[in-house]
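Please look over the sequence and the structure shown here before reading on.

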Amino acid sequence: MLAVVLVGGEGTRLRPLTNHLPKPMLPIVEKPMIARIVDWLAAHGVDEVVLALGYKPDAFVDAFPDGMVDGVKIHYATEPSPLDTAGAIRYAAESVGTRQGPVIVVNGDIVTDLNLTDLVHFHKESEGLATISLTPVEDPSAYGVVPTDSYGRVQAFIEKPEKDKAPTNLVNAGIYVLDPAVMNLIDSDRRVSVEREIFPLLVERGELFAMASDAYWLDTGTPERFLKAQLDLLRGTRVYGNDIDYAEKRGNVFLSPGAELEAETKGHVYMGFASKAERGAYLHDAVVGSGSFVAPWVKVIGSVIMPGAKIHEGAIIEDSIIGPDAVIGAAAEVKNSTIVGAESTVSSGMLLDGARHSL
Ligand code: GDD
Ligand code: MG
């Protein structure tokens, strides 16, 4: 089965991390998000994946130079200019020629345990041209909202409605099963949005179906959710993708080879390869990436330290993301969904509150 994964977006809400790496190449506990998606697809019979590329395509090609990710063949389709979601789907699918049967489409920033096999089965049984996976969320206004009838026939597709105007809390999970005939509905010479144009068109024709699931699902596109995706993996909230088996597990602490942990810990903590957290430091729900260093009297709470970062004495990192090879000065305070970019320095004693820092 063929899958198209949409990975061409700019990931603006995760800047400055995405200034260097496209969002799906960012690690979720040290493994690129895209590799986690491909593993999940492979578990449901996908043996060929086309990456619909736009923003920073080289990052993907460089990361997987032999065109394989965990045993799945990867094709690359780079749009000459961004074609938006539907345009990208058509461009990517056509770049590999025709295939028998339906095509799976996935947004490249999703982590999920969804039973894709069930979704494909539901699609084949329905009379539709396309089937969307739905997931319940607290605030539907950030998503595509999808009311259906009792047979699963979609009644409307409302992309990002105003707050409190959504008719249901079931939203588009960014996972679709499409008949090849859908491609013919997409103009190939302009930007076309699947959410704003193609799904509404299919609704009008009565050919769009959807199936809800309460399996684990998260869009990682905001700092809060990017953090949550990683901590959920440590907590075991996800059934699928708990592949941190190279690490020694001591209670709720994962210790990768070469990691040195002398700090006090609470909750779930991951220490990457050859990372070090000194005595007197405190780690509470934290991912400490490979080769990172945490000095004495540092507190890391609900945060992710990406590989090679250095956190100096007495700094406090709370609910924030520290980019690869960044340096946090002594007694600095970084909190409230701050993102510090790759190789950036935060001066000693500096306060960053909900900031985007890339100096
Ligand atoms: N190749 C390509 N070209 N990819 C694109 C383009 C493009 O022009 N534009 C966006 N993408 C990719 C992004 O990289 C991402 O993987 C995916 O399309 C969706 O874009 P996001 O920017 O993450 O959209 P969103 O999260 O606001 O909303 C979408 O996902 C929600 C579920 O997470 C919509 O599909 C919503 O309806 C949905 O609920
Ligand atoms: Mg998204």
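How far does a polar side-chain atom of Glu159 lie from an oxygen atom of ligand 1? The distance is 2.6 Å, and it is listed below beside two other polar contacts, a polar contact being a pair of N or O atoms within 3.5 Å.

This is a predicted model, in which local features need pLDDT of at least 70 and side-chain atom pairs count only at pLDDT 80 or more, while totals for chains, interfaces and linings use all residues. Residues are numbered from 1 along each chain as its sequence is written, chains are lettered from A and ligands numbered from 1 in the order in which they are written, and side-chain values use heavy atoms, with hydrogens and water left out.

| Residue and its polar atom | Distance to an oxygen atom of ligand 1 |
|---|---|
| Glu159, side chain | 2.6 Å |
| Asp109, side chain | 2.9 Å |
| Asp84, backbone | 2.9 Å |

Taken alone, ligand 1 exposes 750 Å², of which the protein buries 89% (accessible areas by the Shrake-Rupley method with a 1.4 Å probe).

The chain is assigned a domain 1 (2–223) and a domain 2 (248–357), with bounds that come from an automatic or database domain assignment. Their centres, taken over C-alpha atoms, are 33 Å apart. Eleven residues of domain 1 are in contact, meaning heavy atoms within 4.5 Å, with 18 residues of domain 2. Between them the domains bury about 970 Å², 75% of it on carbon and sulfur atoms, where buried area is the accessible area (1.4 Å probe) that two parts lose on being put together, summed over both. Leu17, Glu30 and Pro223 supply 53% of the area that domain 1 buries against domain 2, more than any other three residues.

Notes. Polar contact = N/O pair within 3.5 Å; in protein donor to acceptor, adjacent residues only side chain to side chain.
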